[in-house]
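I am opening a notebook on a structure that is new to me. My notes follow in the order of looking things up.

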Amino acid sequence: MKKKIIAGGLILLAACFIWYLFGGKRELRQMYEETAKEEKVLSLKKEKEKFLNAHKKVLDAEEAEKLKAVLEEQIAKLQEAGWSSKAVAGGYVHQLDTKKDLKTAQEQLETMFADSQVFGSRVFQELWQKEAKGIKKKRARQLLTYSLQLVGAPEELSGEEEETGRLVEKFSDELQPDDYFWGSFARVVQKAFPRQELSRMDPLAKQIHQFRYVISAQQAQWVRENFREKGQTDKDALVAYLAAKRKAKEAVDQFGLEEFRYFVEYDLEESSRLHNKVATLRGQSGSVVIRYPNYDTLVNIKIVMNFHTEFILSSEGRFVNELDPEGTDTNGIINGASFNYANKNNKLHRTLDITPVRAHDPAYRKAVTRTADYVYQAPNNIRTELVQVGTGDWSESYFNKKGLYSYQKKSCSQSVRKEIKRLKKAVKEAADE
């Protein structure tokens, strides 16, 4: 009997472990996050009364009226901007602390309100999380429209450094590449654009598609500003950032689930195929000539976090982005990173992150990727010369050691794996220091 119980327990333990590895880990993280943030929030009217009544104990009647006037003005402005009473109650008023005098209480309100006007700030995120819970399509579109307005997103991106810098500066300095906010932002996009709606001729759909490039530019710049030392490359900065995350994971493993929601793993196993496009031209003799972006045989690798956040790093140690406040190049425009609105590499990924490219990509990018003489294309996914699944030619395969995308007798896939191995080694060495 005991053996049966032990055997049953082992089977159950194994099943739990398999569930954890194949998707349960993400569900567990999200479930823990939601549980940890669950708070009892009153109605807007009662939250306001609670805050003001707490200050009546430390302020005289005249001071209390002044504080009330400031708070009510701020609430009115937040609601005018489109935040619901539910969001303002839980994401704003509920977050306020009781202060010892009028001066510090007013300073708190001024700071909090200013923060609420910055995309991705902690106050903005609190409002967002309360608004996004159970959100419907119409409200999701309104929330995305408001977000674009806060950042000052144009109807069409120009790709110019000055514009990109201005857009990136509108993001909060607190907004990190692995913030849980990004998962919530992606889910709101999913609600706003079900089925194939993100590919339709819709001004908001176009802006939201192009916003993926802005987000990736901000995330790369955040890594530079927080981890790049003078004289270092983007790769050096990314290695330092990933090493810090590796150390964080070790702390999570050591101290348990309590701090689990503060850690988002990075993944080097997502395919980099679509980020290694080249152009092919026919020479005068009829032979095929390869045209590389930047006229150099660069290899680009992909690093993702929770699938949404994406970094593309070239073999020369530079971030590869369609937009870059420090100046982009041909490789960046063609093979750059773009934030993913889907949760994983599935049908939804194609619907939200791949198909809309044809309809909504900015003109400056289309002009580079497709000309009258050539088109930059990614290698195909054919695995072997004998088994050709789908359309395409073996000579154009990602896995062909002698194909058009090969270099120095290595397939594009092998070259990518080599660069990934180098990055892994650098991160390990930095984490062990």
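**Pocket**

I began with the largest pocket, and its volume comes to about 1,200 Å³. The model is predicted, so I note the limits: local features need pLDDT of at least 70, side-chain atom pairs count only at pLDDT 80 or more, and totals for chains, interfaces and linings use all residues. Residues are numbered from 1 along each chain as its sequence is written, and side-chain values use heavy atoms, with hydrogens and water left out.

My terms here: on a 1 Å grid over the protein atoms alone, a pocket is an open set of points with protein on both sides within 12 Å along at least five of seven lines, where a 1.4 Å probe fits, and lining residues have an atom within 4 Å of a point. Grid points are joined across faces, edges and corners, and the volume is the space filled by probe spheres set on the points.

I looked up the lining next. It has 36 residues, and Leu274, Lys277, Ile354, Val357 and Ala378 are the closest to the pocket centre. H13 gives the largest share of the lining, 4 residues. At least two residues each come from H10, H12, H13, helix H14 (356–360), helix H15 (363–369) and S6. Helices (H or I, at least four residues) and strands (E, at least two) are DSSP runs, numbered from the N terminus.

**Sheets**

Strands of a sheet pair through backbone hydrogen bonds, either parallel or antiparallel. I count two strands as paired if DSSP finds at least two bridges between them.

Strand S2 (residues 278–282) is joined to S6 by 2 bridges. Val278 stands opposite Gln377 in S6.

I found another open sheet, in the order S1-S4-S5, also of 3 strands and antiparallel. Its edges are strand S1 (266–267) and strand S5 (309–314), each with a single partner strand, so one side of each has no neighbour in the sheet. From S1, 2 bridges reach strand S4 (residues 300–305). Asp267 has Val304 in S4 as its bridge partner.

**Core**

What makes a nonpolar core? I take it as a set of buried Ala, Val, Leu, Ile, Met, Phe, Trp, Tyr and Cys residues joined through side-chain atoms within 4.5 Å. Buried means under 20% relative accessible area, exposed over 50%, and partly exposed in between (1.4 Å probe, protein chains only).

The largest nonpolar core holds 63 residues; Trp83, Tyr92, Phe119, Trp128, Phe185 and Phe211 touch the most other members. Helix H10 (residues 203–227) supplies the largest share of this core, 8 residues. Another core lies apart from it, with 28 residues, including Ala237, Tyr241, Tyr292 and Phe311.

I then checked Phe211. Leaving aside neighbours within four places in sequence, Phe211 is in contact (heavy atoms within 4.5 Å) with Phe119, Leu148, Val151, Phe171, Phe185 and Tyr341.

**Aromatic rings**

How many aromatic pairs does a search of the whole structure find? It finds 26. Rings of Phe, Tyr and Trp (its six-membered ring) pair if their centres lie within 6.5 Å; planes under 30 degrees apart are stacked, over 60 edge-to-face, and the rest tilted.

The ring centres of Phe119 and Phe185 are 6.0 Å apart and the planes stand at 85 degrees, so this pair is edge-to-face. Phe119 is in the loop between helix H5 (102–116) and helix H6 (122–132), while Phe185 is in helix H9 (residues 181–192), 66 residues apart. Phe119 is buried at 0% relative accessible area, and Phe185 is buried at 0%.

The rings of Trp182 and Phe339 have centres 5.3 Å apart and planes at 55 degrees, so I log the pair as tilted. Trp182 lies in helix H9 and Phe339 in the loop between helix H12 (330–335) and helix H13 (347–354), so the pair ties together parts 157 residues apart in sequence. Trp182 is buried at 1% relative accessibility.

**Loops**

Asn306, in the loop between S4 and S5, has phi near 55 degrees, a positive value in a residue other than glycine. At 18% relative accessibility, Asn306 is buried. Lys409, in the loop between S6 and helix H16 (412–432), has a positive phi near 65 degrees. Lys409 is exposed, at 76% relative accessibility.
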